[in-house]
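Please read it alongside the sequence and the model.

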Amino acid sequence: MDERTRLRLDVSYDGTDFSGWAAQPTRRTVAGVLMETLDLVLGAGTATGLTVAGRTDAGVHATGQVCHLDLPTEVWRQYDGRLLRRLARLLPPDVRVRAMTQVPADFDARFSATFRRYEYRVTDAPWGAEPLRRTDTLAWPKPLDLAALNATAAGLVGEHDFAAYCRRKENATTLREVTRLDWRREPDGILVATVQADAFCQNMVRSLVGAMLVAGDGRRPVEWPAGLLDRRERASEVTVAPAHGLALVEVGYPADPAEYARRADLTRRLRVPVAEG
C-alpha cells in the first residue's frame, strides 16, 4: 500500500451560492467544488478522506473552517510548496484554501477539535444592511438593546441539553457545552454575537440567535431563551435566524499534536457528530 500523508487545510468561503459544505450530487457545495478542483490538479481519486470540522448549512460562511485529507506521500513531495497556488488559480473566487499543512496521521479535523467558534452579524439600523455587507449581515426590523442581548446570552452559557434549539437526529445527543456566548456592538453599529462550544448540533447556533434577538428587541423577556432549556424537544416558538448572518471563524485543537488521538477518541465516545450551523 502506498505511503500517505495527512494534510490540514484551512479554508474560507462565501456561503451565498453554496448548498452547504457536504457534497451532494446535484448541488454546488464547498466540499464538492474543493474535491473537483483537487481531482483536476492531482488526478481523480488522488486526494482521499476529506473530513471537515463542521458541516455548515446552505448559506453559512466561513473564515476559519478546517478540514483534512490524505495524499500519496510521493504526490505531496512533488507538489509541496506549489499546490496552494495551483488551487488559488483554479478554485472559484468564493472559496479559498488559505493554508495546507502536513499533520500527524491521527489528526482528525472533526473529532480532534476542542471547540468551534461562530460569529453572527446583525444590523438594527433603520435603513438596513449596507449594500456591500448584505450577504453576511442580517437586517433586523426593530432596535436591539445590547444589555438585554448579553443578559439573555448569559443564561445560555454552560453545559445543557439544547434539544429545544436543535434539529434532533437519531442516536445523536443534544448535550453541548457553550463556553462563550456574548454580543458586542462594533463602531459602525453592527451587532456581533460570538458563540463558542465544544460542538454544535444542527441549526443550534441560528436557533440560539433567533431566540436572543426577540429578547433583545423586547418582544420576549430576557429569561425566555434560557427557560427553554427544560424542553426535551425542539421548541416550535423559536425562529431559526437566516443563514447569511452566520460565519464559522475558528476551530480549536490541542496545542500538543500528541493529544490529537486522545481528543479524537474522547469525542467519539461522547457523541455521534451531527451537522452544524
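## An enclosed strand and its surroundings

In this predicted model, strand 9 (residues 191-197) has 7 of its 7 residues buried, so it is largely enclosed by the rest of the structure. Buried here means under 20% relative accessible area, exposed means over 50%, and partly exposed lies in between, with a 1.4 Å probe and protein chains only. Helices (H or I, at least four residues) and strands (E, at least two) are DSSP runs numbered from the N terminus. Residues are numbered from 1 along each chain as its sequence is written, and side-chain values use heavy atoms, with hydrogens and water left out. Because the model is predicted, local features need pLDDT of at least 70 and side-chain atom pairs count only at pLDDT 80 or more, whereas totals for chains, interfaces and linings use all residues.

Which residues of strand 9 point one way, and which the other? L191, A193, V195 and A197 point one way, V192, T194 and Q196 point the other way, and all of them are buried.

| Partner of strand 9 | Sense | Bridges | Residues standing opposite |
|---|---|---|---|
| Strand 5 (residues 115-123) | antiparallel | 7 bridges | V122 and L191 |
| Strand 8 (residues 175-185) | antiparallel | 7 bridges | W183 and A193 |

Strand 8 and strand 9 form a hairpin with 5 residues between the strands, in which G189 takes a positive phi near 95°.

C166 lies in the loop between strand 7 (158-161) and strand 8, while C201 lies in the loop between strand 9 and helix 5 (204-216), so the pair ties together parts that are 35 residues apart in sequence. Both C166 and C201 are buried. Another cysteine, C67, is also buried, with a relative accessible area of 0%.

Several annotations come from UniProt, whose positions are given in the numbering used here, with shortened feature names, and which may be inferred rather than shown by experiment. The unreviewed entry lists residues 153-254 as "domain: Pseudouridine synthase I TruA alpha/beta"; the end C-alpha atoms of this span lie 27 Å apart, and the span is 19% helix and 28% strand. The entry, again unreviewed, places a "binding site" at Y118, a residue found in strand 5 and buried at 0% relative accessibility. For "active site", UniProt lists D57 in an unreviewed entry; D57 is found in the loop between strand 2 (48-52) and strand 3 (61-72), and D57 is buried with a relative accessible area of 12%.

Turning to the whole chain, there are 7 helices and 10 strands. Its C-alpha trace spans about 60 × 45 × 35 Å along the principal axes. Of the 277 residues of the chain, 54% count as buried. Among contacts (heavy atoms within 4.5 Å) between residues at least 6 apart in sequence, 74% join residues at least 24 apart.

Notes
Two strands pair if DSSP finds at least two bridges between them.
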